[in-house]
Amino acid sequence: MEYLFENVKENIYVLAIWDSKWNSYNNCYFIVQEDGITLIDSCKEEHSAYLVQALKQLGKTPDAITLVLATHGHEDHVQGTALFKNAKKFIHQQERSLIEYPKPDEFLFELSDRGVIQEFDYIWVGHHTPGSLAFYHKPSRVLFTGDFLCFFGDPLSKDGLVSAGNDLRHEWLEFLRNGGVVKDELNAFLQGLTAMNAFEVDVMCTGHGGVLVGDIESFISELLHAGKQLQEIHVDK
Ligand SMILES: [Zn+2]
Ligand SMILES: [Zn+2]
């Protein structure tokens with residue numbers, strides 16, 4: 001199995017594991033702080049060895065993970081958390097029914113629609129799953145979007161895993177313009193984008209594949225623009 005482990009910015013690292021069953025990269029993120037490591041998402045149970053390997057590259061063991069933040073309850077975002085016995089694990093209250101492994105009781109369902117947890121702001125983004133959240137790490141201006149906005153099943157950008165990813169941005173815009181976000185979910189999707197654009201973002205870390213650096217605000221604005229055009233078409237009909 002192929003995996004990439006790269007620095008995103010300052011003390012933040014991405015682990016992107018190639019999942020041949022799903023034909024996609026599955027991502028999780030390590031934020032290394034003096035008093036412990038925060039993990040955003042955790043891949044599947046079968047990927048646990050790669051999480052341990054990534055920690056080893058940082059000179060750490062699974063005990064170093066003290067906080068786990070899950071963007072949502074799908075298996076590829078929560079199962080790996082079973083490794084981390086020292087961590088408090090948080091997820092939105094509406095995600096409980098999605099979690100089969102580990103036991104849902106390992107999680108604290110204390111996140112609501114907007115708030116602050118340690119160095120992170122979080123917002124409910126209302127698309128992909130009922131309780132999907134985006135996390136914003138204020139000190140580094142990095143946004144974690146989970147699967148609300150990701151590159152599931154896409155190859156990496158020709159410029160690399162962590163890059164401006166102009167090819168990926170272009171494809172996402174085309175996907176949206178071609179109805180990739182279904183009509184019933186478009187409003188919620190645009191509201192989530194608008195909420196995200198209130199943050200000053202230097203890096204967009206997604207749930208699958210590409211990690212985007214460079215001008216994120218214009219990417220989000222372009223998506224909003226394209227989405228609003230679609231809404232107008234829906235209204236006209
Ligand atoms: Zn998902
Ligand atoms: Zn996913």
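Student: Which residue of strand β14 stands opposite Met204?

Tutor: The model is predicted, with local features requiring pLDDT of at least 70 and side-chain atom pairs pLDDT 80 or more, whereas totals for chains, interfaces and linings use all residues. Residues are numbered from 1 along each chain as written, chains are lettered from A and ligands numbered from 1 in written order, and side-chain values use heavy atoms without hydrogens or water. Strand β13 (residues 203-206) and strand β14 (residues 211-213) run antiparallel, strands being DSSP runs of E with at least two residues, numbered from the N terminus. In this pairing, the residue of β14 opposite Met204 is Leu212.

Student: How many bridges join β13 to β14?

Tutor: Two strands pair if DSSP finds at least two bridges between them. For the antiparallel strands β13 and β14, the number of bridges is three.

Student: Which residue in the hairpin of β13 and β14 takes a positive phi?

Tutor: Four residues lie between the two strands of this hairpin. A positive phi near 75° is taken there by Gly209.

Student: In which sense do β11 and β13 pair, parallel or antiparallel?

Tutor: Strand β11 spans residues 142-146 and is joined to β13 over four bridges. Gly146 stands opposite Thr206 in β13. The sense of the pairing between β11 and β13 is parallel.

Student: Are the residues of β13 that point to either side buried or exposed?

Tutor: Val203 and Cys205 point one way from β13, while Met204 and Thr206 point the other way. With a 1.4 Å probe and protein chains only, the cut-offs are under 20% relative accessible area for buried and over 50% for exposed. Val203, Met204, Cys205 and Thr206 are all buried.
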